[in-house]
Structure formats: C-alpha cells, structure tokens
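Colleague: I am new to this structure and would like to go through it by question and answer. Please show it, and then we can start with a single side chain.

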Amino acid sequence: MKTFDIAIAGEINLDLILYGLPVEMPVERELLASAFHATLGSSSAIVAHNAAMLGARVAFTSLVGPDDFGKIALDRLRSAGVEVSHVSAHPTLSTGITVLLPHGSERHILTYPGTMTELTCSRLDMGFLEQARHLHLSSLFLQQGLHPGLPSLLAQLKQAGLTISLDTNDDPDDRWGAPLWELLPFVDVFMPNESELCRMTHCTDVEAAIAVFENKVPLLVVKRGARGARLRAAGRSIDVAPLQVTPIDTIGAGDSFDAGFLRAYLMGKDPVVSATCGNIAAALSTQGVGGTEAFRDTQQREAFLKRHKFFERIARSELE
C-alpha cells in the first residue's frame, strides 16, 4: 500500500498578478494597475495544491530560498494537506517569482527562476518518491538542474512501479530539445496544451502535431482551453467537451486540468472520464484569481464540484 497517490518534484514560487495594465508598456512611465493579487504560483505547486484539494494524497519535493516568498508558498501547500517535509532550502539563492500581467485571454509572464533551476536529481530522496503510486513532472524546461539525471530517475521510478505523467509547460528558449525526447519512453500520460504541442513539433496543424507522438506515449492528452481536451491513444482520437463557464482568470487552468485528470486517472477511471474531471477542475480554477484561489474557497469549491458531479464521476463503478 503506497503512502501517496502523487509525488511531484518541481518548482515552487508565488505569482504576483497585476490586472489592467496596457499590452504595450512604454518605459519611464508610471503605469497603474487596476488590481493586484499574490497567489501560489508555479505549475508544479499548483498541481500539487489542487490535487490535494480534490482528495489526492500528494507528496511534494522542491527547493526554496531563505525568504518569505518560499515560506508563504510552502504554507499554502501545507494548508491544502500536501506533504512538504522533503522540501529543502538553498542557503543563499532566493525563491523564484513570477509576475503576470493579464490582458483578456492573453498575458505577459515574467519569471525570475531563482531556486527553480537549482533543484537537481541528487537532491531528491528516491525512497520518498517511491512511496507514491505516480510521479508528475511540470515545467520541464524551467527546471534545468534536473535535466542530467531525469532519464535514469524516471527509469528507476518505473522499475519501482510508479506511473508517470509529464506536462512540459512552455520552453522559454522555444527549442523543445533535451531532455524531452529522452523522457518520453518512460511517460504514461503526456499533457501539453495545443500551442505547446504545435511548437514542439514545428507543426501548424494540431492533427499533424498529434501524429508525431503516435506510438511514443500510451496516452496523449492535449489541453485546448475553451475547446476542452483531445485524447489520443491506441490510434484513436476523442474530443472531450469543456464546461461552459464565464472565466474570471485563466491563470493556472491548465495545471488545474492536470490535477483533476490525475485524480480521476489514479482512481482507475478511463481517459474520457479523467479528461472530463480535468475540464471540471480547470473550469473551477477560472472562477477565482490565480491558479489556486477558487480551490482555497471551501464553499465555492464544494458547491462547484457538487454541481458538476466531480466526486460522483470518480466514485462511480466502471461497471455502471
């Protein structure tokens, strides 16, 4: 019996979100935002937080700096029930930070990596990770310190019986090279969004991009925002419709999809049910600012999940 459902080795930071700023920002001018929020950020931490809020047992390992940003971010994870005892502290380098400037459906994303790039496989406790049934990786290209040891790490975890999912998120250099392609033989569920999938394959058409991954991963889950998700497995594509909601903020919606999908997937649900649950979690995320605030609001979270039968879907017998 494993102690955890999901282990996540990844980055952690706060998101500082300024709303109402112009897309074009002239220098040497005082530009005034209309609103500001500080929330838990980073793809890895958002997945961990929201999966735990959906009932998963989550273990999180990371590297933070000796500063308040790291303390606040870890407190957010602890309050969600995430196990963070294996997060270590860098003695001098500060915790990373992301500043987001939303402009309708698009946004500027400004990140200082800090400790994000310094987490290495040698810092990870394999015994701790092996207590989980599943390993999830996010922000592959931000976490450069992990790159040299990741293929052997994933091979060892597969040997220990873990399943593995990967969401690369963006590549700031737009190269989409190593170690992505070396990791795919160990990945059970690959979870890019549509834009990332097309850019990493140099395809302008999503179907052509999907074809590149034929026989490379057992299950490809393509997140398509307001168009839901497209699944590809065993030579067959299936579209899973999204929830129709009016978003307040789409920051972290893709990471929230990962959390909902994995919660159902690790309950033994098929990919369509899992993607439906992912869409529900993503839609919930858009009902608050940042990637976790809607999940932190207990009344809002429970009412939304009940209305859309999230827990009924993951509890329902496969024989029904």
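Colleague: Is Tyr-265 buried, partly exposed or exposed?

Modeller: This is a predicted model, and the values are computed from it. Tyr-265 has a relative accessible area of 22%. Buried means under 20% and exposed means over 50%, so Tyr-265 is partly exposed.

Colleague: In which helix do Phe-261 and Tyr-265 both lie?

Modeller: Phe-261 and Tyr-265 are 4 residues apart, about one turn of the helix. Helix 8 covers residues 253-265. Both residues therefore lie in helix 8.

Colleague: Is Phe-261 buried or exposed?

Modeller: The relative accessibility of Phe-261 is 0%. Buried means under 20%, so Phe-261 counts as buried.

Colleague: What kind of aromatic pair do the rings of Phe-261 and Tyr-265 form?

Modeller: A search of the whole structure finds 7 aromatic pairs. For Phe-261 and Tyr-265, the ring centres are 5.8 Å apart and the planes are at 25°. Planes under 30 degrees apart count as stacked, so this pair is stacked.

Colleague: And what kind of pair do the rings of Phe-310 and Phe-311 form?

Modeller: The ring centres of Phe-310 and Phe-311 are 5.2 Å apart, with the planes at 85°. Phe-310 counts as buried at 0% relative accessibility, whereas Phe-311 counts as partly exposed at 40%. Planes over 60 degrees apart count as edge-to-face, so the pair is edge-to-face.

Colleague: How many of the residues of helix 1 are buried?

Modeller: Helix 1 runs over residues 43-53. Its buried residues include Ser-43, Ile-46, His-49 and Met-53. Helix 1 is largely enclosed by the rest of the structure, because the buried residues number 11 of the 11.

Colleague: Is helix 1 parallel, perpendicular or oblique to helix 8?

Modeller: Helix 1 and helix 8 pack with their axes 8 Å apart, at an angle of about 45°. That angle makes helix 1 oblique to helix 8.

Colleague: Is the crossing of helix 1 and helix 8 left-handed or right-handed, and how do the residues of their contact divide?

Modeller: The crossing is right-handed. Helix 1 contributes Ser-43, Ile-46, Val-47, Asn-50 and Ala-51 to the contact, and helix 8 contributes Asp-255, Ser-256, Asp-258 and Ala-259. These residues divide into 4 nonpolar, 3 polar and 2 charged.

Colleague: Which residue with a positive phi follows helix 1?

Modeller: The phi of this residue is near 105°. The residue that follows helix 1 with this positive phi is Gly-55.

Note on methods: Residues are numbered from 1 along each chain as its sequence is written. This is a predicted model: local features need pLDDT of at least 70, side-chain atom pairs count only at pLDDT 80 or more; totals for chains, interfaces and linings use all residues. Side-chain values use heavy atoms; hydrogens and water are left out. Axes are lines fitted to C-alpha atoms, for helices over the stretch in contact, and angles run from 0 to 180 degrees between N-to-C directions. Helices (H or I, at least four residues) and strands (E, at least two) are DSSP runs, numbered from the N terminus. Angles under 35 degrees count as roughly parallel, over 145 as roughly antiparallel, 65 to 115 as roughly perpendicular and the rest as oblique. A crossing is left-handed if the near helix is turned anticlockwise from the far one by less than a right angle, and right-handed if clockwise. Contact means heavy atoms within 4.5 Å. Ala, Val, Leu, Ile, Met, Phe, Trp, Tyr, Cys and Pro count as nonpolar, Asp, Glu, Lys and Arg as charged, and the others, Gly among them, as polar. Rings of Phe, Tyr and Trp (its six-membered ring) pair if their centres lie within 6.5 Å; planes under 30 degrees apart count as stacked, over 60 as edge-to-face and the rest as tilted. Buried means under 20% relative accessible area, exposed over 50%, partly exposed in between (1.4 Å probe, protein chains only).
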